[in-house]
Amino acid sequence: MHDKRKNNSFWNNNWTVGTGTAIISVLILRIIDSTADTKILNSTWRFIKALFINLSLFFQRTFTIPTWGLILIAFSGLGLLILVLWIGSLFNKNDKDTTTSELPVEFLKYKSDTFDNLLYKWEYIKDYDGKYDIVNFTPYCPKDNCILHYSRCPICNTYFLKIKEKEELRILVRHRIENNLYPRN
Ligand SMILES: [Zn+2]
């Protein structure tokens, strides 16, 4: 029972409430920093700061509110605004994800083709902006489906002298994807 009284005095302490609110606001800020767009946050953050500085000046002139009260008002308001912004950014992210998933990704199955009598296999990696890059071109012997070792097929010993460069292969693959010329299984 004596513990309860201790708790009550702890939670009723003005300093505790003010500091607690501040800590929660900082925590919310950290969460937003790691999830939301920082560009939006920078300008919004500056606006919110200016708003609260002016607001606290107004309160100081008009009423006599203790400092902890001002801190409490400022951080509660800030927390609320940030929460709204965060929810907004979550909705934006969901929109983005939907757009990406609606994009035709059928070409991702297209991972091998023959150019100038030589078989090439490759992979796709997704960029940070949601676009795909074609990587890891590997030349294969078209007859044995075996990776070439220094332009030679280890199975049939055939030499392939015209192995294409990555950039040209990237262009060729892209051309087939963009013009719907790639084989579909
Ligand atoms: Zn071969």
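Which residue follows H5 with a positive phi? Asn 180 follows helix H5, and its phi is near 55°.

The structure is a predicted model, in which local features need pLDDT of at least 70, side-chain atom pairs count only at pLDDT 80 or more, and totals for chains, interfaces and linings use all residues. Residues are numbered from 1 along each chain as its sequence is written.

**Overall make-up**

The protein contains 5 helices and 4 strands. Helices (H or I, at least four residues) and strands (E, at least two) are DSSP runs, numbered from the N terminus. Along the sequence their pattern is α-α-α-α-β-β-β-β-α. Of the 185 residues, 6% count as buried; a residue is buried if 20 or more other C-beta atoms lie within 10 Å of its own, exposed if 12 or fewer, and partly exposed in between, with C-beta atoms placed from the backbone. Two residues are in contact if their C-beta atoms, placed from the backbone, lie within 7 Å. Among contacts between residues at least 6 apart in sequence, 48% join residues at least 24 apart.

**The sheet**

The 4 strands make an open sheet, ordered S1-S2-S3-S4, with antiparallel pairing. S1 (112-115) and S4 are the edge strands, each with a single partner strand, so one side of each has no neighbour in the sheet. Helix H5 packs on this sheet and touches S1, S2 and S3. The direction of H5 makes about 110° with that of S3, where axes are lines fitted to C-alpha atoms, for helices over the stretch in contact, and angles run from 0 to 180 degrees between N-to-C directions.

Two strands pair if DSSP finds at least two bridges between them. The table gives the bridges for each pair of strands.

| Strand pair | Sense | Bridges |
|---|---|---|
| S1 and S2 | antiparallel | 4 bridges |
| S2 (residues 118-126) and S3 (residues 132-141) | antiparallel | 7 bridges |
| S3 and S4 (residues 146-147) | antiparallel | 2 bridges |

**Turns and positive phi**

Most residues other than glycine have a negative phi, and most peptide bonds are trans. The hairpin of S1 and S2 has 2 residues between the strands, and Asp 116 in its turn has a positive phi of about 50°. Asn 117 lies in the loop between S1 and S2; Asn 117 is not a glycine, yet its phi is positive, about 65°. Asn 117 is exposed, with 9 other C-beta atoms within 10 Å.

In the hairpin of S2 and S3, 5 residues lie between the strands, and Gly 130 has a positive phi near 90°. The hairpin of S3 and S4 has 4 residues between its strands, with Asn 145 at a positive phi near 55°. Asn 145 is a residue other than glycine and is exposed, with 12 other C-beta atoms within 10 Å.

**Helix H5**

H5 spans residues 166-178 and has 13 residues. From its first C-alpha to its last, H5 reaches 18 Å, close to the 18 Å expected at 1.5 Å a residue; the expected span is 1.5 Å times one less than the number of residues.
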